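Please look through the model below before reading on, and keep it in view while the text leads from the whole assembly down to single side chains.

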There are 2 protein chains.
Amino acid sequence: MASKEEKIVAEGEQTDEIQIKDGSICGFDSLHRLLQSSLSPQLFQEVSRLLIGLNCGRALDTIAIPEPAKSLSLNHDFDLQAYSFHAENESLRKPRLVRVGLIQNSTALPTTAPLLEQKRGIFQKLTPIIKSAGTSGVNILCLQEAWTMPFAFCTREKRWCEFADPIDGESTQFLQEFARKYNMVIISPILERDENHGEVLWNTAVVIGNHGNIIGKHRKNHIPRVGDFNESTYYMEGNTGHPVFETAFGKIAVNICYGRHHPLNWLAFGLNGAEIVFNPSATVGELSEPMWPIEARNAAIANSYFVCSINRVGTETFPNPFTSGDGKPQHTDFGHFYGSSYVSAPDSSCTPSLSRHKDGLLISEMDLNLCRQLKDKWGFRMTARYEMYADLLGRYVRPDFEPQVVADPLLHKKSL
Amino acid sequence: MASKEEKIVAEGEQTDEIQIKDGSICGFDSLHRLLQSSLSPQLFQEVSRLLIGLNCGRALDTIAIPEPAKSLSLNHDFDLQAYSFHAENESLRKPRLVRVGLIQNSTALPTTAPLLEQKRGIFQKLTPIIKSAGTSGVNILCLQEAWTMPFAFCTREKRWCEFADPIDGESTQFLQEFARKYNMVIISPILERDENHGEVLWNTAVVIGNHGNIIGKHRKNHIPRVGDFNESTYYMEGNTGHPVFETAFGKIAVNICYGRHHPLNWLAFGLNGAEIVFNPSATVGELSEPMWPIEARNAAIANSYFVCSINRVGTETFPNPFTSGDGKPQHTDFGHFYGSSYVSAPDSSCTPSLSRHKDGLLISEMDLNLCRQLKDKWGFRMTARYEMYADLLGRYVRPDFEPQVVADPLLHKKSL
């Protein structure tokens with residue numbers, strides 16, 4: 001596990017280059033950097049207190065990154081940031097420090113390249129980023145949703161189902177080597193080909209143990225049909241429940257992409273004991289960017305666990321134009337995947353986000369003891385009255401459910 | 001109902017007076033105003049797009065406030081802001097425009113004054129603010145939690161239970177007149193004395209119809225035991241379920257204070273059909289301020305309804321010092337109630353907040369059609385798989401519940 005002593009220097013001190021074009025801003029890198037470079041230190045401190053939950057505006061400590069990891073970041077042009085969350089020391093438990101890594105990236109080749117080259121290109125592109133995580137002492141690493149491929153779940157690239165891999169396929173084998181080499185748990189979200197059940201597809205996260213073994217899998221529970229993201233034409237709702245994986249570095253779970261909009265999904269991972277929930281996603285600016293800083297933080301607060309949010313980067317253009325239900329003309333891309341991966345803590349603090357544009361590795365060190373500290377402080381689990389909601393949901397799912405409505409008896413009386 | 005034609009001029013254009021004292025900022029009025037006065041217009045636009053969900057950073061329209069309402073605000077020194085949310089026009093339904101008012105206020109007299117004077121002082125203080133809402137065409141008005149009294153739910157003012165009122169008591173009678181006069185639904189959150197059940201206490205919202213009739217009541221479902229807020233020593237968990245009140249101006253519900261930390265509580269009001277959920281609260285900076293912009297907005301997004309968040313203002317000092325579980329020395333106040341009342345919409349937009357320091361009235365006009373528009377766009381209700389969660393919660397509440405944990409079989413193998 002990582003040691004607290006390594007925290008020395010501040011990383012990620014770049015300032016933003018802000019370009020104004022046609023009256024609007026383009027190319028800014030992250031909200032955090034934008035505010036930091038635009039506000040006075042005192043104002044930035046107060047804004048940080050309110051916006052990212054930092055105690056009296058005190059910034060999260062940064063973690064010193066080893067030279068080899070830094071060189072990889074410079075030579076391969078990916079964003080590298082590392083932070084450490086605060087937690088109290090306890091009297092009866094030792095700290096349980098875990099170092100988590102999140103990777104966000106664009107694809108390597110145009111979508112017109114042969115599929116095998118596209119896939120291999122991504123493997124090659126990710127190699128230095130994964131090495132950088134390994135040499136930085138990352139204990140648990142998570143990749144983005146469907147990381148082996150462009151986000152092809154639109155309506156006209158059905159043959160791209162070829163990208164699907166079985167649980168123990170090429171993508172898992174590629175990552176197992178790194179897991180063994182760096183003693184690192186790796187979460188690998190892929191399009192899964194379920195060979196034992198008629199070769200059907202799932203949107204799945206494979207959890208690889210720190211010895212390179214496959215601990216298990218989780219299949220995406222909630223599938224979007226929003227904007228261009230009509231993913232239900234590619235695979236079905238998952239059948240794996242809400243597993244929590246007990247790894248060498250803590251109890252973790254995976255809430256894939258659109259599942260982040262469902263508070264019950266977050267809740268279920270919490271009830272099963274998760275201390276860190278990863279949310280590998282693929283989402284674009286116009287659709288969801290204002291929700292991005294809200295939902296994950298709310299889940300971390302409400303469920304007293306850490307949430308690690310990952311979003312891919314860049315614009316992917318597809319060979320065949322496609323249409324959606326929103327009335328827009330046919331088009332060949334989803335828009336800009338805005339990156340902005342970040343980590344939220346149960347005490348309502350969060351890290352700054354990675355870039356909106358660049359590949360990146362975000363490292364966060366956390367003491368998992370913080371989860372129970374917040375449970376004891378706020379008591380959400382004890383005050384939750386789950387019986388009431390078990391009863392309500394049990395009634396709600398019946399077709400004859402009657403909502404609890406109290407109508408004003410004077411509803412149709414004319415106003416005086 | 002309010003008319004869209006009235007939107008003309010911009011209100012609330014004050015800039016912040018920022019004072020820096022001992023290296024930190026005090027006295028700033030709201031995050032929105034602070035950023036607006038500190039950033040260039042282009043930067044502020046982009047920050048607004050990301051932070052308050054405004055489409056391309058386009059500000060919410062402001063509503064013209066009638067002169068008499070403005071005069072009341074100037075003469076009685078309360079903040080007055082008015083905004084209108086965007087919604088699409090539909091082909092088969094007319095817009096259902098509703099104008100909502102939220103009141104936040106400090107108490108009128110010191111807590112050492114006789115109780116009757118304290119209560120009457122608040123009635124007197126609220127009168128011009130309620131009139132201002134009435135003359136501004138507000139259809140539904142909500143007051144803050146336990147509005148008739150200081151927030152006395154600490155551990156040594158038990159005799160202040162005297163502030164409790166029956167549902168049809170003095171506080172309701174006071175508001176019924178305004179409801180009739182202005183054809184306005186009024187939500188009145190009080191400490192309730194339940195005379196028909198042994199004179200016990202509840203934390204209750206009374207819903208008064210626009211004809212002055214009492215439509216019904218809701219009792220706070222979730223009671224905090226956090227920091228100084230050990231309210232469970234004053235009253236018990238509510239027994240009214242999750243009622244939705246069908247009023248002349250739409251289906252509304254009330255999630256009182258600490259209930260905002262419980263996603264299931266928000267969910268239940270949604271399942272019962274709420275289009276606007278009010279959250280009258282009393283909370284202080286050190287405890288919850290970074291959560292304040294997160295939880296209500298998440299609830300609005302996840303449940304496709306509007307959320308109206310109210311928090312009281314100021315520091316209330318109590319006669320007898322009290323202690324809490326946090327190890328701090330005895331003290332006589334909870335800290336600063338930071339106001340900051342605001343409204344969140346299902347499309348993830350929100351209004352700026354009222355002041356952190358001043359009494360205020362926030363008026364928001366919304367087309368309730370936006371709720372279903374967002375349900376149709378995002379499909380959260382259809383993709384929610386409630387059966388799975390009804391089953392999980394049914395099992396969870398049993399003492400023999402076993403969490404779904406997949407342990408790494410190599411968990412105790414030594415690292416390679």
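**Two copies and their details**

Chain B can be laid on chain A by a turn of 180° and a shift of 0.0 Å along the axis, with an RMSD of 0.0 Å, where the copies are superposed by least squares on the C-alpha atoms of residues with pLDDT of at least 70 in both. That is the relation of a two-fold axis. Of the interface residues of chain B, 99% are also interface residues in chain A, so the copies meet through the same surface; contact here means heavy atoms within 4.5 Å.

This is a predicted model, in which local features need pLDDT of at least 70 and side-chain atom pairs count only at pLDDT 80 or more, while totals for chains, interfaces and linings use all residues. Residues are numbered from 1 along each chain as its sequence is written, chains are lettered from A and ligands numbered from 1 in the order in which they are written, and side-chain values use heavy atoms, with hydrogens and water left out.

Within chain A, a UniProt annotation from an unreviewed entry, "domain: CN hydrolase", covers residues 98-368; such positions are given in the numbering used here, feature names are shortened, and annotations may be inferred rather than shown by experiment. Over residues 98-368 of chain A, the chain is 22% helix and 31% strand, and the end C-alpha atoms are 7 Å apart. Helices (H or I, at least four residues) and strands (E, at least two) are DSSP runs, numbered from the N terminus.

Strand β15 (residues 306-311) of chain B is mostly covered, since six of its six residues are buried, where buried means under 20% relative accessible area, exposed over 50%, and partly exposed in between (1.4 Å probe, protein chains only). Both faces of β15(B) are covered, with B:Phe306, B:Cys308 and B:Ile310 buried on one side and B:Val307, B:Ser309 and B:Asn311 buried on the other. Strand β14 (residues 276-281) of chain B runs parallel to β15(B) and is joined to it by six bridges; two strands pair if DSSP finds at least two bridges between them. In this pairing, B:Val277 has B:Val307 in β15(B) as its bridge partner. Strand β20 (residues 342-344) of chain B runs antiparallel to β15(B), and three bridges join the two, with B:Ser309 having B:Tyr342 in β20(B) as its bridge partner.

In chain A, A:Asp29 forms a salt bridge with A:Arg33, the closest N and O atoms being 2.4 Å apart. A:Asp29 counts as buried at 11% relative accessibility, and A:Arg33 is also buried, with a relative accessible area of 5%.

In chain B, the closest N and O atoms of the salt bridge between B:Glu67 and B:Lys70 are 3.6 Å apart. Because B:Glu67 and B:Lys70 are three residues apart in helix α3 (residues 67-75) of chain B, they are separated by about one helical turn. B:Glu67 is exposed at 53% relative accessible area, whereas B:Lys70 is partly exposed at 23%.

Where does the salt bridge partner of B:Lys220, B:Glu231, lie in chain B? The closest N and O atoms of B:Lys220 and B:Glu231 are 2.8 Å apart, and the pair links distant parts of the chain: B:Lys220 is in the loop between β9 (214-219) and β10 (225-226) of chain B, while B:Glu231, eleven residues apart from it, is in the loop between β11 (229-230) and β12 (244-247) of chain B. B:Lys220 is buried, with a relative accessible area of 1%, and B:Glu231 counts as buried at 0% relative accessibility. Residues of both chains take part in another arrangement, in which A:Glu46, A:Arg49, B:Glu289 and B:Arg356 are linked in a network of salt bridges.

The structure holds zero disulfides over all chains, a disulfide being a pair of cysteine sulfur atoms within 2.5 Å. The sulfur of A:Cys371 is 11 Å from the closest cysteine sulfur, in A:Cys308, and this is too far for a bond.

Conventions:
A salt bridge is a side-chain nitrogen of Lys or Arg within 4 Å of a carboxyl oxygen of Asp or Glu.
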